[in-house]
Amino acid sequence: MSESLILPVLPLDDAVVLPGMVVPLDLSDNEIRAAIDAAQALDENKPEVLLVPRIDGRYGPVGVRAVVEQVGRLPGGEPAAVVRGVDRIRVGSGTTGPGAALWVQATRIDPVPAGERAEELAKQYKALATTILQKRGAWQVVDAVNAMDDPSVLADNSGYAPWLSTQRKAEILETPDPADRLAMLVEWSREHLAELDVAETIRKDVQEGMEKQQREFLLRQQLAAVRKELRELNGDSAETEEEDYRARVEAADLPEKVREAALKEVGKLERTSDQSPETGWIRTWLDTVLDIPWNVYTEERRAEGAPKGAVDIAAAREVLDADHTGLDDVKDRIVEYLAVRGRRAAKGLGAVGGRRSGAVLALAGPPGVGKTSLGESVARAMGRKFVRVALGGVRDEAEIRGHRRTYVGALPGRIVRAIREAGSMNPVVLLDEVDKVGSDYRGDPTAALLEVLDPAQNHTFRDHYLEVELDLSDVLFLATANVLEAIPGPLLDRMEVVTLDGYTEDEKVAIARDHLLPRQLDKAGLTADEVTVEEEALRRLAGEYTREAGVRSLERSIARVLRKVTAKAALGEGGLPVTVTADDLVGYLGRPRHVPESSLPESRQRTAVPGVATGLAVTGAGGDVLYVEASLADPETGDTGLTLTGQLGDVMKESAKIALSYLRSRGAELELPVGSLKDRSVHVHFPAGAVPKDGPSAGITLTTALASLLSGRPVRGDVAMTGEVSLTGRVLPIGGVKQKLLAAHRAGITTVLIPARNEPDLDDVPQSVRDELTIHTVSDVREVLEIALTPAKVAEAAAA
């Protein structure tokens with residue numbers, strides 16, 4: 001049976017005493033003094049008190065009976081009492097007793113004997129407690145803990161642990177079973193040990209960082225002292241790295257405003273601590289400014305006795321002709337630009353108000369016609385440095401203008417980097433694929449290019465990173481693009497467009513012979529003596545194995561032939577030298593894939609059916625031939641109306657509606673049975689349905705296909721046409737005449753119909769192509785139908 005006791009209460013504010021603990025108490029507190037006095041009044045020889053934790057103003061349900069061992073004064077003179085905890089006591093109801101203390105009835109809690117579980121947990125707790133004490137440096141306590149054999153005493157000894165909270169110590173006090181107490185202590189000790197490990201890691205990192213900074217500071221001071229001694233020995237007056245920057249800026253040939261900005265940054269660098277991250281930003285900016293060739297200009301190639309700035313025009317034309325076959329209109333425009341510059345230089349006409357007679361040429365054309373390589377030739381012809389800036393896929397405006405210096409990893413824009421890479425203020429800068437520039441939330445790079453490409457503004461170009469004016473008026477900008485429609489209007493307005501429409505077959509053969517074949521021979525490790533490709537073979541490669549505006553596929557075909565020759569020689573299947581003839585191509589490349597349409601029986605059959613017409617179009621890869629097919633539904637099987645298929649754009653759909661409306665209104669005049677359309681549907685289809693198509697130039701082709709369908713007269717198989725049609729039957733002008741005629745020539749077409757108002761564009765078509773084509777200029781749909789449709793008698797005979 002539990003022992004019942006009456007004891008004075010000694011409250012412990014936010015503190016817990018466990019059995020076996022010996023603690024001093026401050027008697028200056030009235031409640032503590034009253035409890036000690038009451039205990040002494042009851043039993044002077046062995047006064048006992050009940051130590052009860054009072055947490056947040058509330059008494060705990062369990063306390064500790066403690067014996068007052070001694071009452072006296074501390075070394076500082078304060079009154080104190082030393083008490084020793086004996087056993088756990090459950091606090092009961094209040095009662096009366098001597099003195100001013102609070103007396104309560106209490107019941108002694110019988111101790112629970114320790115079992116095997118407690119013994120095992122005691123071992124674990126000892127190990128954890130030892131590790132914690134070692135980490136805290138309390139080595140003198142380690143032996144005392146290890147000497148404790150009783151699990152209950154070991155658990156209650158945790159009351160001394162400063163890392164246990166008052167709440168957790170109260171839980172230990174309220175748990176009589178030593179196994180349960182030790183289980184809680186093991187868990188809490190592991191948590192605390194993990195916290196100590198993290199704290200130790202942080203402390204080491206902080207200490208290492210501080211030691212590194214201290215070492216770096218010390219080494220820098222020593223380095224500065226060593227440099228000072230070396231400078232004194234060498235008689236150098238400069239004393240610091242900052243003064244070295246100041247000397248470099250003052251010695252550099254910089255514009256006045258740039259020099260002022262650079263010296264201002266040097267002053268800021270001198271006032272900034274070496275530990276500040278701003279010093280790195282300032283040094284990078286100064287290095288960038290000093291790397292830019294502010295007043296360095298490349299000496300251009302000029303004729304003997306010519307003034308500065310006047311390029312040797314004859315030599316420049318020779319370079320252009322040697323590097324590129326054909327492209328006469330492009331070469332003429334470049335020579336004109338060089339001639340004007342030379343004329344102004346001869347008369348001493350320089351910049352006016354900072355503006356020079358700059359030019360921005362845009363080379364537009366399908367892939368593979370030599371736009372990028374032409375830029376290199378221009379630089380070589382002028383004797384200038386050449387830099388290529390690839391703009392394809394650029395979506396950030398900062399790529400052009402640079403990043404603000406406040407950003408981490410900030411860099412100048414691509415224009416400034418191109419100038420720095422060239423090492424000259426008058427290079428030829430090729431802005432490649434300017435039509436592929438995108439825009440998103442980071443800005444529109446094409447808007448930033450407006451200032452770069454405007455000769456009236458680019459003499460004061462300001463990069464966000466540099467924040468000083470950069471004169472770009474001496475830079476010759478060349479831009480390349482495949483599709484002009486993809487370039488924003490304001491940007492296109494600042495460029496002079498030079499169109500490269502592609503090459504004729506003769507030009508391709510010449511390019512293959514003079515440029516592509518020698519280059520591929522060199523890449524294959526062959527010589528001209530070892531492999532000879534006949535001109536007729538090159539012509540067949542250009543005409544039947546490839547169909548393109550440029551020459552990239554042609555070059556790949558030549559490379560493939562040479563690889564086959566090299567492989568056969570290596571395998572012992574053939575020796576060198578080898579002559580490749582036109583008939584040999586089938587063995588190397590297989591059968592040709594682009595046999596001229598005029599030689600294919602199915603081509604004649606395709607247009608022999610009424611309702612099929614041949615049109616001409618311009619794609620991103622140059623000109624091309626397309627077919628328009630029309631069919632009329634049976635009155636019993638289809639609805640009325642117009643169906644259009646082939647992935648057509650809105651403009652092309654409108655052209656089909658215009659063509660049908662014109663034929664409905666002029667049916668009697670054209671002798672077409674349009675009355676049958678009231679109860680029959682018309683279906684118009686453009687083959688190659690996966691390719692998007694749009695534009696008004698298929699208007700007369702649609703009209704001709706529908707007229708052929710209604711009249712039953714097939715369209716001539718050798719005729720192709722292009723032109724916009726109006727509701728009154730007028731044939732309106734279109735674009736891309738040169739590319740379309742080149743495509744018709746490649747496809748074996750012999751007769752072409754174009755709008756009469758496009759007749760001036762025929763001057764751009766090579767004479768060799770015009771000689772092989774019969775070109776009709778038409779202004780009315782009736783002229784188109786008269787030429788394109790087979791005569792009625794012939795159609796009837798063919799049908800019979």
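Analyst: Happy to! Two strands pair if DSSP finds at least two bridges between them. Strands (E, at least two residues) and helices (H or I, at least four) are DSSP runs, numbered from the N terminus. This is a predicted model, where local features need pLDDT of at least 70, side-chain atom pairs count only at pLDDT 80 or more, and totals for chains, interfaces and linings use all residues. Residues are numbered from 1 along each chain as its sequence is written, and side-chain values use heavy atoms, with hydrogens and water left out.

User: How many bridges join β3 and strand β4 (residues 58-59)?

Analyst: There are 2, and the pairing is antiparallel.

User: In which sense do β3 and strand β1 (residues 4-13) pair?

Analyst: They are parallel, with 5 bridges; L10 has L51 of β3 as its bridge partner. Strand β5 (residues 62-73) runs antiparallel to β3, joined by 4 bridges, and its R65 stands opposite L50.

User: Why is β3 described as largely enclosed?

Analyst: First, the general idea: buried means under 20% relative accessible area, exposed over 50%, and partly exposed in between (1.4 Å probe, protein chains only). Strand β3 (residues 48-55) has 8 of its 8 residues buried, so the rest of the structure largely encloses it. Both faces are covered, with E48, L50, V52 and R54 on one side and V49, L51, P53 and I55 on the other.

User: How does E119 count?

Analyst: E119 lies in helix α2 (residues 116-136) and is partly exposed, because its relative accessibility is 38%.
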